[in-house]
Amino acid sequence: MPPVKELHYFNELGRARPVRSARARDETGRKLLENVRFLSARSHLDLEDYGRLFACKGSRISGDITPAYSMLNDEIIERVVNSFPNLKVIFLARDPVERAWSQLSMGVRLGMIDKFDATDPEEVICNLLNPGVLIRSHPSKIVARWKRYVRPENFRIYFFDDLKENPAELRRSILRFLGGDPDKPSGGLKPHDNNDTAQDKLRLTAKVRDRMAQFFEHELKACASELGARAKSWPTRYGFSLLLYFWDLLDDSIDLFFWCDWIC
């Protein structure tokens with residue numbers, strides 16, 4: 001893997017990121033970071049040069065972990081997938097309410113979001129409307145966008161719930177999907193290590209949680225329907241019934257059927 005977790009190449013064109021050479025353990029890592037900085041300063045995608053960043057990997061599996069790629073538009077996704085047809089894509093899905101609150105908390109802590117009254121539901125909703133928060137808080141739309149271009153066998157959804165409850169097994173599953181050896185050690189970190197546990201975080205009150213759940217009600221149900229697996233339990237966490245959601249979908253389908261029949 002690159003010596004930094006997030007390369008941000010596809011989502012930060014024209015903005016050269018600082019090269020954190022201290023993170024590079026060897027000359028190969030330092031050179032990769034320099035090349036990323038050089039590539040990112042350009043205003044256009046150079047997928048050939050991006051691919052060359054990983055030329056030093058030899059026969060090893062390599063990749064780029066950048067959560068912000070979930071916000072890429074269709075044009076960029078299509079170009080990336082066409083340039084790397086054997087690319088495997090992993091999306092780690094999280095309950096939209098929990099994910100959005102985590103981003104707000106981190107944003108305030110890092111100074112990326114102005115401090116606000118975290119006990120006022122309407123102030124919270126105003127911050128949820130921030131495009132950088134809103135786009136990344138709709139997993140069903142993100143998955144649908146990527147699935148339009150990535151072959152089904154090369155796309156896999158995993159869940160933050162599994163990361164919390166059984167990180168070792170999640171790691172094994174991911175490595176099997178990538179074609180790696182899940183029994184091979186990968187560093188000295190223990191499965192439940194978390195550098196963020198000691199960080200100051202906004203306290204989520206029951207009132208704000210309920211208001212956020214209302215805000216994301218449709219998305220929670222869409223995730224349950226379209227992502228399945230662990231996402232099936234997300235609506236019930238907030239007292240929502242999936243029966244009404246499926247009834248609405250059926251009702252819309254019937255309306256569409258009659259509309260199409262009338263057009264014909």
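1. Let me start at Arg176, which is partly exposed because its relative accessible area is 44% (buried means under 20%, exposed over 50%, partly exposed in between, with a 1.4 Å probe and protein chains only). Glu169 is partly exposed as well, at 36%. These two residues form a salt bridge whose closest N and O atoms are 3.1 Å apart; the term here needs a side-chain nitrogen of Lys or Arg within 4 Å of a carboxyl oxygen of Asp or Glu.

2. Some housekeeping before going on. This is a predicted model, in which local features need pLDDT of at least 70 and side-chain atom pairs count only at pLDDT 80 or more, while totals for chains, interfaces and linings use all residues. Residues are numbered from 1 along each chain as its sequence is written, and side-chain values use heavy atoms, with hydrogens and water left out.

3. On confidence: pLDDT is the predictor's confidence in each residue, from 0 to 100. The chain averages 86, and 86% of the residues reach at least 70.

4. Of the 264 residues, 36% count as buried. For contacts with a separation of 6 or more, 69% come from residues 24 or more positions apart. The chain exposes about 16400 Å², with carbon and sulfur atoms supplying 54% of it; the areas come from the Shrake-Rupley method with a 1.4 Å probe, and for residues only the protein chains shown count as cover.

5. Now the strands. S1 (residues 89–93) pairs with S2 in the parallel sense over five bridges, where pairing requires that DSSP finds at least two bridges between the strands. S2 is mostly covered, with four of its five residues buried.

6. Back to the charged pairs, of which the count comes to 20 salt bridges. In one, the side chains of Arg211 and Glu122 meet at 3.1 Å, N to O. Arg211 sits in helix H10 (residues 206–215) and Glu122 in helix H5 (residues 121–128), so this pair ties together parts 89 residues apart in sequence. Arg211 is partly exposed at 24% relative accessibility, and Glu122 is partly exposed at 43%.

7. Another salt bridge joins Arg151 and Glu153, with the closest N and O atoms 2.8 Å apart. Arg151 is partly exposed at 37%, and so is Glu153 at 47%. There is also a network of salt bridges linking Arg42, Asp46, Glu48, Asp49 and Arg52.

8. Last, Thr66, in the loop between helix H2 (47–52) and helix H3 (74–83). Why does Thr66 count as buried? Because its relative accessibility is 7%. Its side chain makes a 2.7 Å polar contact with that of Asp64 (a pair of N or O atoms within 3.5 Å; within protein, one must be able to donate a hydrogen and the other to accept it, and residues adjacent in sequence count only if both atoms are side-chain atoms). A polar atom of the Thr66 side chain also lies 3.4 Å from the backbone nitrogen of His8. Leaving aside residues up to four places away in sequence, Thr66 touches Glu6, Leu7, His8 and Asn11.

Note on methods. Helices (H or I, at least four residues) and strands (E, at least two) are DSSP runs, numbered from the N terminus. Contact means heavy atoms within 4.5 Å.
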